[in-house]
Amino acid sequence: MMIRNSLIIVSIAICLLACGNNSKKQTTLADTNKVPKDTTGQHIPDKNDTTKHQTMASDTSAANPSQSGWLIIPGKSIGHIVLNDDVQNTITQLGKPDSSDAAMGSSLLVWFAKHDPTGYRTAVFSHHNMGSKDESVSHVQKILVTSPQFKTDDGVGVGSTKQDIQKTYKLKPTSTYSKNGGNVQVYTDLGKGISFEIDGTGKCVGVVVHKANDTASAYLNMH
């Protein structure tokens, strides 16, 4: 009888110990499988969603030129769009363009803020190097932006006056186009690889970046 009681006590003890271990194990698994909180405040959008670009292009608040996403670098880039880069990388960033025109190995892609043609405009001209090893790649040759958010490192961009721009750049008139019933004069600093579109009031309404001393790209009409 005493042996039976001892076995019963031992069995109960083993059961209690096992239950305690299982409970502890379940708690540990639950803790380690918790989804961590996203502290970045960011998400990966659909590549065809241009919301990010729309937000950037429609934001007229003061920009910090040191932020690469807003920086205009003459002869090299505007924001994250880089000259000579594969234009597919630009499409991945901005999504499907609102309009496109292609001919003879070249293409002009245009994005509008919130898909509104009256909003800020980003345009990219690209070209295939036919006969080269990478002829399947369409290389970015010219970039145009009309949002005042983009600035050079010295603070020049859309909204700047011609007088302010001339303090840093040697402007030469290269072409004109019509906008809202008036003429816009395009001035180019060919040596630095940048052009400024100046309206009748003397203010910049568009900035274009192209390769330095590339006359063919500099004189290309993006409108």
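Two residues are in contact here when heavy atoms lie within 4.5 Å of each other. On that basis, residues 24 or more positions apart supply 49% of the contacts in the protein with a separation of 6 or more. The model is a predicted one, so to speak of local features takes a pLDDT of at least 70, side-chain atom pairs count only at pLDDT 80 or more, and totals for chains, interfaces and linings use all residues. Residues are numbered from 1 along each chain as its sequence is written, and side-chain values use heavy atoms, with hydrogens and water left out.

The protein has five helices and twelve strands; these are DSSP runs numbered from the N terminus, helices being H or I with at least four residues and strands E with at least two. Of its 223 residues, 35% are buried, where buried means under 20% relative accessible area, exposed over 50%, and partly exposed in between (1.4 Å probe, protein chains only).

S11 pairs antiparallel with S10 (residues 182-189) over five bridges, pairing being called when DSSP finds at least two bridges between two strands. Gln-185 sits opposite Ile-198. Four residues separate S10 and S11 in their hairpin, and Gly-193 in the turn has a positive phi of about 80°. With S12 (residues 204-210), S11 again pairs antiparallel over five bridges, and here Val-207 is the bridge partner of Phe-196. This hairpin has five residues between the strands, with Gly-202 at a positive phi near 90°.

As for side chains, the whole structure holds two aromatic pairs, meaning rings of Phe, Tyr and Trp (its six-membered ring) with centres within 6.5 Å; planes under 30 degrees apart are stacked, over 60 edge-to-face, and the rest tilted. One of them, Tyr-169 with Phe-196, is tilted, at 5.2 Å centre to centre and 55° between the planes. It links distant parts of the chain, 27 residues apart: Tyr-169 lies in the loop between helix H4 (162-166) and strand S9 (172-179), Phe-196 in S11. Tyr-169 is buried at 5% relative accessible area, and Phe-196 is buried at 0%.

There is one salt bridge, defined as a side-chain nitrogen of Lys or Arg within 4 Å of a carboxyl oxygen of Asp or Glu. It joins Asp-164 and Lys-167 at 3.3 Å, N to O. Asp-164 is partly exposed at 36%, while Lys-167 is exposed at 67%.
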